[in-house]
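User: Hi! I'd like to go through this model step by step, starting with its open spaces and moving on to its sheets and helices. Could you help me read it?

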Amino acid sequence: MEEFFVQARRFLAEQLGIEEDLIQMETTFEEINADSIDIVEMIMALEDIYDVEFPEEDLENYPTMGSLVSALYEYLMQVKNA
Amino acid sequence: MRIALDVMGGDYAPQEIIAGAVDFVEREKLKLILVGREEVIKEELAKYNYKGDLLEIVNASEVIGMDESPVAALRKKKDASIVIATKLVREGKADAVVSCGSTGAQMAAAVFILGRMADIERPPIITPVPNQNDGYTFLIDVGANVDCRPRQLLQFALLGKVYASAVMNIDNPRIALLNNGEEETKGSHLYVEAYNLLKEAGEINFIGNIEGRYIFDGKADVIVCDGFTGNIVLKTIEGVSLFIARNVARELGKLPSFFSKMDYTKIGGAPLLGINGVSIVCHGSSKREAVYNGLCVARDCVEKDIVRKQAAMLAQMKEN
């Protein structure tokens, strides 16, 4: 999970032009001014890395980096263990 | 040349979109790919006596509505008309895509499917407004990006410069920032920060802030703003023009020809810049004539080779 989070964070930080440390599990996307395109691009980058297609979810249900990344990771584990 | 038209997008889709499409192929003799629900398109086309072979239909079973979250809808509806039409451009089967549907979805489709040019985070929409010098001043962004970061306004300025100089042949275009005063400390945080970035940018001929009342003076060639502000400004211009036109027509019994320059149905559409393809955004309320003119804008953008010219000039600016 930690590596998954680090990869997601690295991509998003680069995308937004901010320090990686500014993005923690509890950080809200609103706090770092990440819009839906930024978030979906991060999801797509993770899809490329892990060769998986995450299900379409309503992004509003995941206001924080931690909530979204945890849900994505949980899905990834389900797919891998299936 | 082939243009892909999203037949399902817009307040008057598909009837008015198809009417504009038929006008376009009959007058311009260029190929159109109508993208949308095949049975609906066939039923609508049956109303016309068009016998030529310039209209092709590509089926798309879904539509992204104006009320949907654009990015989420784009991922959910993989068979949406704007998705399929934009993919035709990426695959080289069409030279441009035109839509009167959700601007957000069209912009997101452009970003995810066509891809952005290097160092451009969000594609803005650029559109001409007539000015006092019998020329045009270009407003950028007029609606693709509601929330912007300061550096994105700088990127819009660079794209505005590229479009004005490389495509519209304006030498060393004067770039201004739309604001509520001329002083550099005016405006919201976004605009104060953007002002500083524009001032420091050596690549552009930045002439400072400009107030809304001077948009038509011809003092600037390109006026930069965020898409929220730009869209309100553009629609206010349209509304005021219509209001004046109606009253002038009532008093004079006819309308001076000048007013056609202010009529959005005559302008038709506007390109998204900074993406690897031609994508023309049209008014949601476009009817037959506006659709026809929007398709003409797409044709012009392809003929003027706007994608290659933008990419070449952005690369050149980066080298310098």
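This is a predicted model: local features need pLDDT of at least 70, side-chain atom pairs count only at pLDDT 80 or more; totals for chains, interfaces and linings use all residues.

User: Which helices each supply at least two residues of the lining of the largest pocket?

Analyst: About 980 Å³ of space lies in the largest pocket. Of its 32 lining residues, those closest to the centre are A34(A), D35(A), S36(A), V146(B) and D147(B). The helices that each give at least two lining residues are α2 (36–50) of chain A and, from chain B, α3 (70–76), α5, α6 and α7.

User: Which helix gives the most to that lining of the largest pocket?

Analyst: By class, the lining has 14 nonpolar, 8 polar and 10 charged residues. Chain A contributes through α2, and chain B through α3, α5, α6 and α7, each with at least two residues. The top contributor, with 4 residues, is α5(B).

User: How much space lies in the largest cavity?

Analyst: The structure holds 1 cavity of 30 Å³ or more. Lining the largest cavity are D6(B), G9(B), V63(B), I64(B), S81(B), I82(B), S99(B), G101(B), S102(B) and A105(B). They divide into 4 nonpolar, 5 polar and 1 charged. The space inside comes to about 60 Å³.

User: At what angle do α4 and α5 of chain B pack?

Analyst: From α4(B), the residues I82(B), V83(B), T86(B), K87(B), V89(B) and R90(B) meet A105(B), Q106(B), A109(B), A110(B), I113(B) and L114(B) of α5(B). By class, this contact has 8 nonpolar, 2 polar and 2 charged residues. The crossing of α4(B) with α5(B) is right-handed. Helix α4 (residues 81–90) and helix α5 (residues 103–114) have axes 10 Å apart, and the packing angle is about 40°.

User: How far apart in space are G135(B) and F216(B), C-alpha to C-alpha?

Analyst: G135(B) lies in the loop between β5 and β6 of chain B. Not counting residues up to four places away in sequence, G135(B) touches V129(B) and P130(B). G135(B) and F216(B) are 81 residues apart in sequence, while in space their C-alpha atoms are separated by 9.7 Å.

User: And which strands stand at the edges of the sheet of 6 strands?

Analyst: That open sheet, also with mixed pairing, has the order β3-β2-β1-β4-β11-β10 in chain B. Strand β11 (residues 278–282) of chain B runs antiparallel to β10(B), joined by 3 bridges. The edge strands, each with a single partner strand, are β3 (55–59) and β10 (269–271) of chain B.

Definitions and conventions
Residues are numbered from 1 along each chain as its sequence is written. Chains are lettered from A and ligands numbered from 1 in the order in which they are written. Side-chain values use heavy atoms; hydrogens and water are left out. Axes are lines fitted to C-alpha atoms, for helices over the stretch in contact, and angles run from 0 to 180 degrees between N-to-C directions. A crossing is left-handed if the near helix is turned anticlockwise from the far one by less than a right angle, and right-handed if clockwise. Contact means heavy atoms within 4.5 Å. Ala, Val, Leu, Ile, Met, Phe, Trp, Tyr, Cys and Pro count as nonpolar, Asp, Glu, Lys and Arg as charged, and the others, Gly among them, as polar. On a 1 Å grid over the protein atoms alone, a cavity is a set of points where a 1.4 Å probe fits but cannot get out, and a pocket is an open set with protein on both sides within 12 Å along at least five of seven lines; lining residues have an atom within 4 Å of a point. Grid points are joined across faces, edges and corners, and a volume is the space filled by probe spheres set on the points. Two strands pair if DSSP finds at least two bridges between them.
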